Structure formats: C-alpha cells, structure tokens
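Me: I have a model open and would like to talk it through. Could we start with the pocket and go on from there?

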Amino acid sequence: MKKEITNVIKDVGVEVFTALREPAPLGTPVITGWARSNWRISTKKPSSDTVKSEGDVSASNQAAVQSLQKFASKNDLTDVSHIYIYNRVPYIKKLNYKTARQSPTLFVEKSMQRGIDKLQTERIIK
C-alpha cells in the first residue's frame, strides 16, 4: 500500500511540475526562459525569498531537473503532507494573473488541472 500511495503522489507531482514547465501557450510563457526555468518541486516548504529577475537559464534549468529527480527518487511519501511546486521569480504572479500574452490568464492553475486530469485518465484519484 505504501508503494502505491507513494507512486500516486509522485505521479501527481511530476505531472503538475511538467505541465507548468511546458512552453506557452499551455505552460509558462517564455521570453528569456528565466521564469520557466525556475520551477522547483519539493516536499519541504520553500523559503519565501525571491530570486533575481534574470540569470543563467541553463543552470536554473539544471536545478529544476535536479529538484524533480530528487522528488521522484523518494521511496516513501506516505508521511508527506504537502508537495510544494513553486517559482520564486519576482514576476511569476504578474505573469500568471495579468501580463502573459503567450499563455492564458491563470496558466498556473490551468497547468495544475491539466496535470491532475492526465492522471485521472490513467488511475482514479479521489
């Protein structure tokens, strides 16, 4: 049972994280790639500090992939109360709510729903 619960939690996290990192128009809008490269996933609450408005996209993408690999490598997630999928770029909220011409308003919420919907076609989530 632990293994199945852990697999469902991993699958949900991976699908939502992947949906957020999709290019526009479905996922995070991309001009420089900085916002899209700054998604992270963890079972630990992230700090509320923001990162710079721009930086090394390649290194940030590597850190995003590493956060996903670390999350997906966990053997037991039955005691986890939250999955944190977050982005500390200072303008991510503004992109989500107002300014993104490439992606729809509330692309974060829509990406989350797409990730969950994809899993519901494969297994039952209640």
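Me: How many nonpolar, polar and charged residues are in the lining of the largest pocket?
Reply: Bearing in mind that this is a predicted model, the lining of the largest pocket has 16 nonpolar residues, together with six polar and four charged ones.

Me: What volume does that pocket have, and which residues are closest to its centre?
Reply: The space in the largest pocket comes to about 610 Å³, and of the 26 residues lining it, Trp-39, Ile-85, Tyr-86, Asn-87 and Val-108 are the closest to the centre.

Me: Which elements each supply at least two residues of the lining?
Reply: Helices α1, α4 and α5 do so, and so does strand β2, which covers residues 84-87.

Me: Switching to the core, which members touch the most others?
Reply: In the largest nonpolar core, which has 14 residues, Trp-39, Ile-92 and Phe-107 touch the most other members. At least two residues of this core come from each of α1, β1 (39-42), α3 (57-72), α4 (92-99) and α5 (107-122), and α1 gives the most, with four residues.

Me: What is Ile-92 in contact with, beyond its sequence neighbours?
Reply: Once neighbours within four places in sequence are set aside, Ile-92 is in contact with Thr-28, Ala-35, Trp-39, Asn-87 and Phe-107.

Me: Back to α1, then: which of its residues are buried?
Reply: The buried residues in α1 are Thr-6, Ile-9, Lys-10, Gly-13, Glu-15, Val-16, Phe-17, Ala-19 and Leu-20.

Me: Is Asn-96 buried or exposed, and what does Asn-96 touch?
Reply: Asn-96, which has its place in helix α4, is buried, because its relative accessible area is 4% and buried means under 20%. Not counting residues up to four places away in sequence, Asn-96 touches Pro-104, Thr-105, Leu-106, Phe-107, Val-108 and Glu-109.

Me: Leu-106 is on that list, so what about its phi?
Reply: Leu-106 has a positive phi of about 65° although it is not a glycine, whereas most residues other than glycine have a negative phi. Leu-106 sits in the loop between α4 and α5 and counts as partly exposed at 32% relative accessibility.

Me: Last topic: where is Val-57, and what is Val-57 in contact with?
Reply: Val-57 is in helix α3 and is partly exposed, with a relative accessible area of 22%. Apart from neighbours within four places in sequence, Val-57 is in contact with Thr-32, Gly-33, Trp-34 and Ser-37.

Me: And Asp-49, buried or exposed?
Reply: Asp-49 is exposed, with a relative accessible area of 51%, and is found in the loop between β1 and α3. Asp-49 and Asn-61 are 12 residues apart in sequence, and their C-alpha atoms are 19 Å apart in space.

Technical notes. Residues are numbered from 1 along each chain as its sequence is written. This is a predicted model: local features need pLDDT of at least 70, side-chain atom pairs count only at pLDDT 80 or more; totals for chains, interfaces and linings use all residues. Side-chain values use heavy atoms; hydrogens and water are left out. Buried means under 20% relative accessible area, exposed over 50%, partly exposed in between (1.4 Å probe, protein chains only). A nonpolar core is a set of buried Ala, Val, Leu, Ile, Met, Phe, Trp, Tyr and Cys residues joined through side-chain atoms within 4.5 Å. Contact means heavy atoms within 4.5 Å. On a 1 Å grid over the protein atoms alone, a cavity is a set of points where a 1.4 Å probe fits but cannot get out, and a pocket is an open set with protein on both sides within 12 Å along at least five of seven lines; lining residues have an atom within 4 Å of a point. Grid points are joined across faces, edges and corners, and a volume is the space filled by probe spheres set on the points. Ala, Val, Leu, Ile, Met, Phe, Trp, Tyr, Cys and Pro count as nonpolar, Asp, Glu, Lys and Arg as charged, and the others, Gly among them, as polar.
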